[in-house]
Structures are given as C-alpha cells and as structure tokens.
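Keep the 3D view open while you read.

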Amino acid sequence: MHGVGVTVNETAVVVNEPVKVDIWSDVQCPWCYIGKRRFEAAIESSGIAVDIEYHSFELAPDTPVEYEGTPTQFLSERKELAMPQVEEMLTRVTDIATSLGLDYDYEHIHQTNTVKAHELLHYAKAHGRQLEMKERLLDAYFVKTEHVGRIEDLADIAASIGFDRDEVVSALESSEYLPAVKADMEVAMQYGIQGVPFFVIDNKYGVSGAQESETFANVLTQVLTERDA
Amino acid sequence: MDAATKPTPTFALQQVGDPNVGVCEGDACLVDDHRSQALVNRQIDEGLV
C-alpha cells in the first residue's frame, strides 16, 4: 500500500502526504460520472491516499434552465445530428455506465443549465462536504432524473443529504459562489482544458477523459515513485 | 475549436493516458466508436451487460 498512514522503520517515521487530485467536471457530463467510478476503482486497487477537489466546468453555459426537450433533442439541435445518431451515441455511453453499476435514465433526464449546481458544489466545499455533494448531484441528474438547474430543486437535493435548505436557497439566490465557479473556469483555460472529465494529478500530470482505472492507478503510482526517488 | 480560437495553456502539464477515451467537449460527448464498441463487446463477453 502506498501513501496511506505511516511507514515505520528503525530510524524514521515517514508520513506520506495524500496525492492531490484536481478534477474538472460538469454535472451533466456522462463521461464524468464514468470517469469518477473508474478513478475510485483506481484508488481502491492501488490503496493510494488522495486528496480530491472538484472544479467547475460548464459544458453548455448558454442552456436555459427550463430547457424543454430531452438530451437527445438537445444534442440533435446543437450538433445538427440526426436523432438516431444521437440515440446511438447515448446508448453507447449508457451501456458503459451500466457496466459500472450506473443506471443512466436518458428517457427522463432534465437537460438544463448547471451553473447553480456548480455553485452548490462550491457551497458544499465550503462546508467540507464537496465529494458527497458531487456524488449526489451526478446521481440526481443521471439516475434519479431530478432537476439540477432550479434553485428550489437543488435546495431539495442538498437538504436530502442534511444541508440547511434555507441557507442553500439564500446562497444560490445571492450567487455567493458564482465567482468561485468563474475562477475554476479561468484555471481550466490556463491548463488548456477543453473537455471533461479532466484530472490534474499532483499539479503535474494531466489526464483527459474517462480513462480505464489502470491508467489512473499507474499515474498515482508514478507520483509516489517520483516522491520516493 | 480551431487553432485560431484554441486557448494557449499557461500551466504546463504532462499529458498521460489514451487520447481516444470518452470525453465531453462543449455540448458533445465523444468516444472513439471502435474502442467503445470493443469495450462493450468485452463486457458482454464477461457477462457484465
């Protein structure tokens, strides 16, 4: 096991710091949820301690909150693709999600604007519970097909995992965390990030997309190997 | 995004991993068709789907 706990020998006690992992992601990005599961599998298999921080990346910031249509219609309109072609694309990603235990329900997903969801993730981070909120929001969007664009719906989602609903509504209505969302987008530009998920590991390695868990595990191991060198 | 509009990175990162995996860019979520199908085929073979 690497990077976890304390290594003891006769002369020294070495505490390995967790590997810092910064992840740019959007709530309505199907590969982000798949990538999350694969990265979690890498952590599990490698036993390497990590310190994960999620960052905001808005894939379609011009989407109306009350978009009236399915994700299939949305993609067909935006990309000028035939509906069957989009359906085939979503079927592929859904099949891969299913293989990881994620039951995407594209028939009932609410396509929307995710900026308030990103603000909520920063609110949760300020309360030390960002990872929990990230999982809840991805599950809300892809599996439970809850609306992740409206403040009232987001407040319900936050309350479902124990946050103060009124406080969440106040934070989202005041856009208190919008500057944090914009700051994440700015850093993404500085890294040259054009797609998500995007993993920055130990401020050195960039991993784009939902890579296989072995790839993530190899990078984490590489980081520890370099530390020990 | 073409070369004229592509942002120039100011923070250098060492890129690792397969460049053909699933990723979402803009409002499109892409994956190499053949690789994606190969993965699904493998999962079917393994009885996971």
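Let's begin with chain B: it has 49 residues, and 12% of them count as buried. Bear in mind that what you're looking at is a predicted model.

**Where the chains touch**

How many residues of chain B are in contact with chain A? There are 27 of them, and they meet 34 residues of chain A. Four elements of chain B give two or more residues each to this side: strand S1 (14-16), strand S2 (23-25), strand S3 (28-30) and helix H1 (33-45). H1(B) gives the most, with 4 residues. Sort the residues on chain B's side by class and you get 16 nonpolar, 8 polar and 3 charged.

Now for the strands. Which strands make up the open sheet of 5? Its order is S4(A)-S3(A)-S6(A)-S7(A)-S1(B), and the pairing is mixed. At the edges stand S4 (50-56) of chain A and S1 of chain B; each has a single partner strand, so one side of each is left without a neighbour in the sheet. From one strand to the next, the twist averages 25°.

Let's zoom in on S7(A), starting with its partner from chain A. Strand S6 (residues 198-201) of chain A pairs with S7(A) in the antiparallel sense, over 4 bridges. You can find A:Val200 opposite A:Gly206 in S7(A), while A:Phe198 stands opposite A:Ser208 in S7(A). The hairpin of S6(A) and S7(A) has 3 residues between the strands, and in this hairpin A:Asp202 takes a positive phi near 60°.

S7(A), which covers residues 205-208, also pairs with S1(B), this time in the parallel sense over 3 bridges. Look for A:Gly206, whose bridge partner in S1(B) is B:Gln15. Then look for A:Val207, whose bridge partner in S1(B) is B:Val16.

S5(A) and S2(B) pair in the antiparallel sense over 2 bridges. One spot to check is A:Gly195, which stands opposite B:Glu25 in S2(B).

**Helices against the sheet and each other**

Which strands does H9(A) lie across? They are S3 (19-25), S6 and S7 of chain A, together with S1 of chain B, and H9(A) runs at about 175° to S7(A).

| Helix pair | Packing angle | Axis separation |
|---|---|---|
| H1 (residues 30-46) and H9 (residues 213-228) of chain A | about 55° | 8 Å |
| H4 (residues 115-126) and H7 (residues 165-173) of chain A | about 120° | 10 Å |

What do we call the way H1(A) and H9(A) lie to each other? Given their angle, they are oblique, and their crossing is right-handed. From H1(A), the residues in this contact are A:Arg38, A:Phe39, A:Ala41, A:Ala42, A:Ser45 and A:Ser46; they meet A:Ser213, A:Phe216, A:Ala217, A:Leu220 and A:Thr221 in H9(A). By class, that contact divides into 6 nonpolar, 4 polar and 1 charged.

H4(A) and H7(A) are oblique to each other as well. The crossing of H4(A) and H7(A) is right-handed. On the H4(A) side you'll find A:Lys116, A:Glu119, A:Leu120 and A:Tyr123, which meet A:Val168, A:Ala171 and A:Leu172 in H7(A). This contact has 5 nonpolar residues, no polar ones and 2 charged ones.

Terms used
Residues are numbered from 1 along each chain as its sequence is written. Chains are lettered from A and ligands numbered from 1 in the order in which they are written. This is a predicted model: local features need pLDDT of at least 70, side-chain atom pairs count only at pLDDT 80 or more; totals for chains, interfaces and linings use all residues. Axes are lines fitted to C-alpha atoms, for helices over the stretch in contact, and angles run from 0 to 180 degrees between N-to-C directions. Angles under 35 degrees count as roughly parallel, over 145 as roughly antiparallel, 65 to 115 as roughly perpendicular and the rest as oblique. A crossing is left-handed if the near helix is turned anticlockwise from the far one by less than a right angle, and right-handed if clockwise. Two residues are in contact if their C-beta atoms, placed from the backbone, lie within 7 Å. Ala, Val, Leu, Ile, Met, Phe, Trp, Tyr, Cys and Pro count as nonpolar, Asp, Glu, Lys and Arg as charged, and the others, Gly among them, as polar. Two strands pair if DSSP finds at least two bridges between them. A residue is buried if 20 or more other C-beta atoms lie within 10 Å of its own, exposed if 12 or fewer, and partly exposed in between; C-beta atoms are placed from the backbone.
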